[in-house]
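Please keep the model in view while reading.

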Amino acid sequence: MELWFSEFHSKYAKFSIKVKEELYNKKSDFQHVVIMDTFEFGRVLVLDGFLMVTEKDEFIYHDMIVHVPMAVNPDVKRVLVIGAGDGGTIRELCRYPTIEHIDMVEIDPMVVEACRQHLPRTACSLDDPRVNIYFEDGLKYVRRKQNEYDLILVDSTDPFGPGEGLFTREFYGNCYKALNDRGILVNQHESTFYDEYVDKMSHVQHMLKEIFPKVNVYQAHIPTYPSGHWLFGYASKHFDPIKDLQADRWNGLGIKTKYYNTELHLGCFALPNYVKELLSRNE
Ligand code: SAM
């Protein structure tokens, strides 16, 4: 009997992958947590029926959410990561010896439990002595913070369910407050290919531009996310992501990456016209 996992990428388009075996399947207080082993993408994490992480293409997402801001400000010492329960973002941050302190705020301990058990390649740095894990809502956590971080990475689920509050003016305003005067915020910024989140994400762009002086969007090719064309939001109080790129300094760190490089850094901020038009709708 053939077993396939399918995810609706829009109301009328489905993405399916053939499954070898199910490794984990539990319901937490927040979401349905499943880990499967698949023929094409290796082990995959699925939350509430949505593909979050696959062993085959997670390197792209985790390279791009971490190394783009780190190449703009290699002096980052204190980082706040919201979500990130699979640990891939933490793994990439821990490759920087200059980073001194990482607070990871993940609402669902069951995601961390499942990934520690079945996704060791992404969860491998969760016990790094610099990492402090708080199991709570990132929206509430950030209310208490002031001028504390150089970098905030919002590695969240989609803008509904537990992740909904992480796409609000309150949240971004509190992130601004939690960052110091050279702070950078990067968030997973969905896609504009399907209609699903276009309106939401153009509102996010509008909100970020009202709060931060420098706001950009960059892109990456992530095969298992809806349409494969994925976006990241970049906002900063100080650094321009292209003019302030410190390519020589970053390359001098000798961090080997499978996807990110400093030429691609310059290219990924050059968006297609239809994406620019859709994101500027609510300006
Ligand atoms: N890279 C994936 C992506 O782009 O979709 C997401 C990685 S990670 C699995 C997303 C995490 O965000 C999940 O573990 C989820 O529990 C967590 N999360 C969702 N809402 C949250 C909230 N309000 N506060 C903290 N963590 C949250």
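Between domain 1 and domain 2 there are eight residue pairs in polar contact, both residues at pLDDT 80 or more; such a contact is a pair of N or O atoms within 3.5 Å, one able to donate a hydrogen and the other to accept it, and residues adjacent in sequence count only if both atoms are side-chain atoms. The model is predicted, so local features need pLDDT of at least 70 and side-chain atom pairs count only at pLDDT 80 or more, whereas totals for chains, interfaces and linings use all residues. Residues are numbered from 1 along each chain as its sequence is written, and side-chain values use heavy atoms, with hydrogens and water left out.

The two parts are domain 1 (3-54) and domain 2 (58-279), with bounds from an automatic or database domain assignment. Their C-alpha centres lie 23 Å apart, and the contact (heavy atoms within 4.5 Å) takes 24 residues from domain 1 and 25 residues from domain 2. One salt bridge crosses the interface, where the term means a side-chain nitrogen of Lys or Arg within 4 Å of a carboxyl oxygen of Asp or Glu. Lys26 forms a salt bridge with Glu113, with 3.5 Å between the closest N and O atoms.
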